[in-house]
Amino acid sequence: MARRAVLFGLDGVLFGPGLQHFLGSCERDCALPRNFLRKVMFAGGADSPYAKAMRGQITLSQLFSEMEEGCRQHASASGITLPPTFSVTRAFKGMAAEGTVNAPLLRAARVLRRNGFKTCILTNNWVDDSAGRLFTATLMNLLRRHFDLVIESCRLGARKPDPEIYAYALDALQAKPQEVILLDDIGENLKPAQEMGMATVLVRDTETVLKELEELSGVQARRGEEPLPTACDPSNVTHGYVPIRPGVQLHFVEMGHGPVVCLCHGFPESWLSWRYQIPALADAGFRVIALEMKGYGESTAPPDVKEYSQEQICKDLVVFLDKLGIPQAVLVGHDWGGAVVWNMALFYPERVRAVASLNTPYRPADPSVDIVEKMKTYPAFDYQFYFQEPGVAEAELEKDIGRTLKVLIRSTRREVGVGLRVDLGAVPLVAGGLLVGFPETPPASQILHGPELRYYIQRFEKSGFSGPLNWYRNMRPNWRWALSAKDRKITMPALMVTAGKDVVLHPRMSRGMEEWIPQLHREHIEECGHWTQMERPAALNRILVEWLEGLPPDTPLPKISRL
């Protein structure tokens, strides 16, 4: 019978070192006999302080109290003097301060999940009412984003190795024992699972565990090609709607807690373009807001072309932040979203803590030559002139939305099937339309397929392409607005990420940006085309997280009013 689910322990498996390690450290620091704390914690077997905490019969702070009393009694009976500074909480504080998530095992869990396996954390855990409970909340919140299911003993009244907790897990997974693999660092916890028919792995060192996991699952779980990060699911994420003014609302998706990072997508995309970044940035301690830009999906698509000028888009974004009560945010944009975030940094710098752009460079407006004439000198931008006549491009792009998206949104890596153009400007525009000469039934895209492609199609079936195309129909208004700020500099911390294989927004277009952005930090992904968030998500996530974590700390909000 094929295996299709994996149960991961938490303490000593996904998170380590385990509690036993920190109990030992506490014993050594306090000059206590080896296993002194373990004997107290487990004294009484099924009625021990540990067992009661794991079943949720007592809380963590009650566990501390019972252990403190037990340690005093055991020390007295054994002729041991406890040091004046002795505290059981020390071991637990050490675990919170020094413990880490096992990144290779977490990556393996993601790979298994992407290969059709159900993944579940099965953990002996306590109800944490201690002063350090935020640590427990943060850890469990992070892990729930990456696993199909999290089962905590304290919520069930049963703990490993009680057989009923394994039966509960099988029922929750709707799996037979022969279909399940269990990973745990305590042999006693594996025995009931083995007797039920599960495959088991005793966790000692990560490399051995990964090797055994590969053999049992048939899935390459160790580092080969960089695994895709965890993606968020549209049906399992928080959606919000902000009324900007009568007839205009913006839709967004939100995840995480911390400093605000606002993500702005480009053409022809969706908030879902950021599906790999949203969980990663939330995991890193940020409140992530992924906008669905005006004209797209569930955001309003007003018919007036002037609604899509950069000036109006930025005004709307300021209202959006106001209505969410966000005075300042880090803005990250891609493609047209990149233009938006640069303009926000120029015209509303007080609202921008820092700014980052993927692929889209910043260039101050040039007053010496009309923008339309200048654009005509760049063959790669021919498609933008095809987009100018209302109704023409709409008719072509809306005829078969699935075909449109499969032709346009492709990886620079060799795609399966015929070699399709991967960027709008890679080949001169053919008379008759943007998609002329491409197959009526294009092969699947490596970076947008399956449920994600279906979601994109549904969004564009709802909104159409007029709104997205109207962004291109404001060349002169955008230029005139930009001219009013042509001598300004962008003074806050900034990040420019270039992609080596983007033939429209080529890295060379970003040359000289430092003149206008003194605090510019650069990163480059060579083997990447235009669709950076989807094509190289793991590399991009590392870049964004490192840059965000290196920003100056948030300034405390001024207490202007206590009303």
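The model is predicted, so to speak of a local feature takes pLDDT of at least 70 and a side-chain atom pair counts only at pLDDT 80 or more, while totals for chains, interfaces and linings use all residues. Residues are numbered from 1 along each chain as its sequence is written, and side-chain values use heavy atoms, with hydrogens and water left out.

Let's start with the overall picture. The C-alpha trace spans about 90 × 60 × 40 Å along its principal axes. You'll find 23 helices and 15 strands, taken as DSSP runs (H or I of at least four residues for helices, E of at least two for strands) and numbered from the N terminus. Of the 563 residues, 56% count as buried; that label means under 20% relative accessible area, with exposed over 50% and partly exposed in between (1.4 Å probe, protein chains only). As for contacts (heavy atoms within 4.5 Å), residues 24 or more positions apart account for 74% of those with a separation of 6 or more.

Now for the rings. A pair of aromatic rings is described by the distance of the centres and the angle of the planes. Here, rings of Phe, Tyr and Trp (its six-membered ring) pair if their centres lie within 6.5 Å; planes under 30 degrees apart are stacked, over 60 edge-to-face, and the rest tilted. The structure holds 20 such pairs. One of them is F252 with F320, edge-to-face at 5.4 Å centre to centre and 85° between the planes. F252 lies in strand 9 (residues 248–255) and F320 in helix 13 (residues 310–323), so the pair ties together parts 68 residues apart in sequence. Both F252 and F320 are buried.

W342 and Y362 make a tilted pair, 6.1 Å centre to centre with 55° between the planes. W342 belongs to helix 14 (residues 336–347), whereas Y362 sits in the loop between strand 13 (352–358) and helix 15 (371–375), 20 residues apart. W342 and Y362 are buried too. Elsewhere, ring pairs link F267, W336, Y383, Y386, F387, W471 and Y472 into a cluster.

Finally, take a look at K462, in helix 19 (residues 450–463). K462 is exposed, with a relative accessible area of 55%. Leaving aside neighbours within four places in sequence, K462 is in contact with G297 and E298. K462 and Y296 are 166 residues apart in sequence, and their C-alpha atoms are 8.5 Å apart in space.
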